[in-house]
Number of protein chains: 4
Amino acid sequence: MSWSSSAKRVKPSDSSVCPPNSVVLFAGPCAVESEGQFAEVARCVSDLGLSWIRGGAFKPRTNPYSFRGLGEKGLAIMADAGNRFGLSTLTEVLCAEQCRLVASYAGGLQIGARNFQNFSLLEEAGRVCADTGKPVLFKRGFAGTIAEWLSACEYLKMAGASNIVLCERGIRTFETATRFTLDIAAVPVVHHQSDLPVCVDVSHPAGAQHLVPPLAKAALAAGADALMVEVHPHPASALSDGMQQLDLHQFETLVEELRVLAAALGKTII
Amino acid sequence: MSWSSSAKRVKPSDSSVCPPNSVVLFAGPCAVESEGQFAEVARCVSDLGLSWIRGGAFKPRTNPYSFRGLGEKGLAIMADAGNRFGLSTLTEVLCAEQCRLVASYAGGLQIGARNFQNFSLLEEAGRVCADTGKPVLFKRGFAGTIAEWLSACEYLKMAGASNIVLCERGIRTFETATRFTLDIAAVPVVHHQSDLPVCVDVSHPAGAQHLVPPLAKAALAAGADALMVEVHPHPASALSDGMQQLDLHQFETLVEELRVLAAALGKTII
Amino acid sequence: MSWSSSAKRVKPSDSSVCPPNSVVLFAGPCAVESEGQFAEVARCVSDLGLSWIRGGAFKPRTNPYSFRGLGEKGLAIMADAGNRFGLSTLTEVLCAEQCRLVASYAGGLQIGARNFQNFSLLEEAGRVCADTGKPVLFKRGFAGTIAEWLSACEYLKMAGASNIVLCERGIRTFETATRFTLDIAAVPVVHHQSDLPVCVDVSHPAGAQHLVPPLAKAALAAGADALMVEVHPHPASALSDGMQQLDLHQFETLVEELRVLAAALGKTII
Amino acid sequence: MSWSSSAKRVKPSDSSVCPPNSVVLFAGPCAVESEGQFAEVARCVSDLGLSWIRGGAFKPRTNPYSFRGLGEKGLAIMADAGNRFGLSTLTEVLCAEQCRLVASYAGGLQIGARNFQNFSLLEEAGRVCADTGKPVLFKRGFAGTIAEWLSACEYLKMAGASNIVLCERGIRTFETATRFTLDIAAVPVVHHQSDLPVCVDVSHPAGAQHLVPPLAKAALAAGADALMVEVHPHPASALSDGMQQLDLHQFETLVEELRVLAAALGKTII
C-alpha cells in the first residue's frame, strides 16, 4: 500500500538533520530578546528532550521602525544557551555578508520567505553550508509556487549545500481569518517531486495561539519531517509576533499531544 | 489544557449527523454512473462499517458539453443502494426547484461551492431541511472568505435548517500544483467562531489520487468532524474527476490508516 | 498596425447592444430605493445623452439581514422611469424563476458575479433572452478564470441568447486596498479569445468614490466596449454600497472626462 | 472637480525623474545581450524623442541555469549607448554589493519585485542614491500589499534617497491567462497615499506582445507618471522574456498611440 504511505518514503541518510521516522521540532522565540528570555525557552525545550532551538538575531521587518533584533549579540546568546542546554541552534541570515558570521555561531542557517528569490544570498549560504557542513532551512516565499521554490533551491545545491530542509510557512491568499494560508498540500507535493525533507512553520500562518496546535497536528499527519513553532516565556510582552507565540505551558501540552499522534504514525518527535 | 484540545469542544446533540467524538466519512463516486458502479462502491463502504455514501445525480459542470449526471434516475439508484446496503445517502442540489425532489430520495442535501452565494437555493434548501429534518452539507465557495461562508449559512438557519454541516473544499490561489489550495486552518477557525460541525472534502483540493491520503490525515488531525472522499470502482474510466477518485482498494487502505490516527485522537470513524 | 489596435476589431452587428466605435455607459444606483431616487438619476443620465440606466430590484446580499431590494415594485419603478426619460433599463436576475418576470419589465438582464456558475439560471436566462431578443450582461465570478467565464457563457449561447455582453468586475486577491482587484487585462484577453463585447464594472473593484474615475478611464483606454458605474443622488445615505457610488455631480464630471478620452480613441460614449 | 482629476495632483519638483504633466517611458530590452542589440534599441528610443533606456545587466532568474546577464560588461554597453544616443540609463541591482558599481555606470537604479523586502539591499541602494543624487525605481513585490510596498519604501527614504519612483508590475493571483495580474488600481491608490510618482511595468503582467498596448494605454489613463515597456530588435530570439517584448516597429506604433492618448489627458510622453 506504499502509494498512500508517506512514512515509507526513502529518506536522506542518517547524517541529515531529519533522520528517518523522526520529526524535528524547531522551537524557540521569534526573536532573541535577552539572555534570560532565551535561556528560559532553552531549558524548556531541553527538558522536553528536543534537540533544536530557533531564534531570530537579525529580524526582517516590514516596517523599518520596528524592533530589528539584537544582531551579533543575539547570535552569542543563542550559542551560549545551545552549549549550556545541549541544543543545536537555528537562526536566519538576511544577506550574503552575514552568512559566515552566522555560521560561526549557529548550528544551522535559515533563509526566510522574503529572501526566497534573493539569489545572491542563496548562493553564499550554499557555499557556507558546503564549507561547514551545516544545514540550511529554506522557507517558501509567500507568493512562490512550489515549482519556483524547488527551482530556487537549485541555487543552494549548485553552491554545494547538501543538508537542505524545505519549509512551508503559508502563502498569501484572499482569506484574512488567518495571517497566511497554510498550504498543507505542499508537504506531499514536495515529497512527490523531491527527496528533501519538508518542515512546516505553523506559527506564521496561524497568526494566533489557538490555531497553532491544530495546524501542527495537521502538518504532522500530512507527513512533515519537521515542524517550526514559536515559543516565548511571556508572549504578551514579546517584542515581535506576540499573538502567535505559545507560552511554555502551552508548548509542553502541544509536544505531549504531538507525541501521541506521532506514535500512531510510527514516528518520534525529536 | 482545553485551549489546545479541539476534541473537548462541546458538540451538537447526538441527533446531529456528526455525533461527538466521531468522524463521519462521506465517501462515494463523484457521479452516479450506473446501478452497477454505485452498488460496487456502496458494498465497499458498507463492508467497511461506514454509515454514509455520497454521489452526484445532478452535476454542475464548467463546460455544458460535459457529462451532467443521470438526474432523477441517479437519485433512484442512490436510494435503492442506500436501502440495500443500509447507508444514508448524500447528494447535491443545483437549484431551488430540485430541493423537494432530491429530499424525497436522499438522506441529506449538499450545496456545492458554485452555489455558495445562490441565496434562493439556500433559502429553499433550508425550508426543505426544516420540513424533513434532513441534514444539509454546505460547501464553502472557492473564493469565499470564512466570514462570508458563515454569513451565507444564516440563510439556511433563517429558513429553519437545524442540522447543518459546513464543508471546506479548497480555495483558489496562485498555486497550480494542486487543483485547489486546501485551507486546513478553516477547521479550527470555524470551530472557534461557530458550533457547527466541519467537514473537509479532500478530493477536490487534491486533484490527484496520491495527495488524497495525506490531506485526509491532515484534516482529521486538524479536528475535522467529517471527511468527504471520492471513490470509484474504476477511476481511470470515470465520467468525471477520474484523476482524484480513489479505487476501492486505495480507499480501504486509507480508511484503515485513518482509523489508527482517529484512535490516537480519541475519535471513531463512522 | 492592427496588431495593437483593438478599435479595428470586427464587432458584432449594429443590432448589438454595443455598436461599433461606441462605448455604452450602464449607469445607475446600486439599488432602486424609491421612485424619487431613481427618477433623479434617470433625469441626470438622460440629460447627459446616455441610453441605458441600471439599478437593482433583487439584491444578492452576503448577509441575509441586509436590505434585499424592492423586488417587483423596483422593476416597475425602473420601467416607468425608463419610459419617461427614454432610457433602456438593465437589472439583475437572481434565480431562474425571476427571468420571465424581469424580462417583462426590463430592457436587459444582468447575471451577477455570485451566479457566474449557477447553470440553471444561465440556461433559463438564455432561453428568455432568445425568446425576447433582449440582451444579457454576464459578470465574471470573482474567483472565476477567464476560461471558466467563457465556458459558462456557452450555457447562455446554447439556450439561444445572441446578444451577450461579458462584464469584468474585479477578482479576489490578497490586496485589501481596494474592494476587489480589477483585472484590466481581461478586456484584451477576452477580445482575443471571443467576439463578444466586454463591459467593465468599475464601481465594485473600486469600492471607493475617488478610485472610480481612474479605473473608468483605464477600462476605456484598455478597449472596453461598455462601462458600468454606480450613481446615486445621495451616496452617503444609500441603502447599499454607499462608499463606491458617485453623486450626480461627480458622475457628470466623469462623463465629460470620459468623452474627451473616448474621442482620442475614436469612440463615442453612448 | 479636482476629486477626479489625477492630472492636477501636486507633483514632486522639476528635478524629479518624473516632471509634472509628463509621462516617462522606460523602454529597452529585458536583458542587454550585445553592443549591437542594445544600440539598435537605443537608436529607436532616441529617434522617438524619448529620454530613458532600460536594460538588464544582472538578471534575477528563477532557474539558475537560465541566462543571467552580461554583468559589468552589460553595464558598460548601456553606458556607452546612453552617451552615444543621449539617453539616461536604468538598470537593476540584485544585491547590496552591486549598488556602487551599478551607480558608477547607470543613470538610475532599479530594485526588482523579488527584492521588494530585501531590506539590506534597500538600505544600501538608498545610501548610494543619496550620495549620487540618482533616482531609484522600486518595484512592488508580486505578493506585496500596497501598504507593505510603501512601508518597504521607508528603508530607501531613511537611507537618504530622495528621487524614488514606485513601480507596479502585476501581482500573483489565480488567473493564468496573463503572466501576472496588473493591479491597475495601485496607481490611484498610491497617488492617494503618497506623493511619489508611480510607474507601471506593462510587459511583465502582459506576458504576451498583444496585451502590452492595451495595458500601456490603461496605465496612462489611470494616471501613471511613467511606463516601463520591454523592447527588443528581434523578440523571437531574445535570451529572456521573448514573448512579451515588442519589436521596434510595434514599439513605434505604441508610442504614437500613447502620444495621442497623453495629449487628451494633458500630458506629454518623454
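Does B:Q209 count as buried, partly exposed or exposed, and at what relative accessibility?

**Entry 1: conventions.** I note that this is a predicted model, in which local features need pLDDT of at least 70, side-chain atom pairs count only at pLDDT 80 or more, and totals for chains, interfaces and linings use all residues. Residues are numbered from 1 along each chain as its sequence is written, chains are lettered from A and ligands numbered from 1 in written order, and side-chain values use heavy atoms, without hydrogens and water.

**Entry 2: B:Q209.** I looked up B:Q209 and found it partly exposed, because its relative accessibility is 23%. The classes are buried (under 20% relative accessible area), exposed (over 50%) and partly exposed in between, with a 1.4 Å probe and protein chains only. B:Q209 lies in the loop that joins α7 (203-206) to α8 (212-221) of chain B. Helices (H or I, at least four residues) and strands (E, at least two) are DSSP runs numbered from the N terminus. I also checked B:Q250, which is 41 residues from B:Q209 along the chain, with 8.9 Å between the two C-alpha atoms.

**Entry 3: chain A overall.** I counted 9 helices and 9 strands in chain A. The C-alpha trace spans about 50 × 40 × 40 Å along the principal axes of chain A. Of its 270 residues, 68% are buried.

**Entry 4: helix α4 of chain C.** I examined α4(C), residues 119-132, whose 14 residues reach 20 Å from first to last C-alpha, close to the expected 20 Å. The expectation is 1.5 Å times one less than the number of residues. Among its buried residues are C:F119, C:L122, C:A125 and C:C129. The buried residues of α4(C) pack against α3 (99-105), β4 (108-111), β5 (136-139) and α5 (146-158) of chain C; contact means heavy atoms within 4.5 Å. Just after the helix, C:G133 has a positive phi of about 75°.

**Entry 5: cores.** Which residues have the most contacts inside the largest nonpolar core? I found A:F138, A:I184, A:F251, B:F138, B:I184 and B:F251, in a core of 167 residues. A nonpolar core is a set of buried Ala, Val, Leu, Ile, Met, Phe, Trp, Tyr and Cys residues joined through side-chain atoms within 4.5 Å. A second, separate core has 166 residues, including C:A152, D:V93, D:F138 and D:L248. I then listed the contacts of B:I184, leaving out residues up to four places away in sequence; they include A:L182, A:I184, A:L215 and B:A222.

**Entry 6: relations between copies.** I superposed chain C on chain D by a rotation of 180° with 0.0 Å of shift along the axis, at an RMSD of 0.0 Å. This is therefore the relation of a two-fold axis. The C-alpha of chain C nearest that axis belongs to C:A218, at 2.0 Å. Superposition is by least squares on the C-alpha atoms of residues with pLDDT of at least 70 in both copies. Of the contact residues of chain C, 100% recur in chain D.
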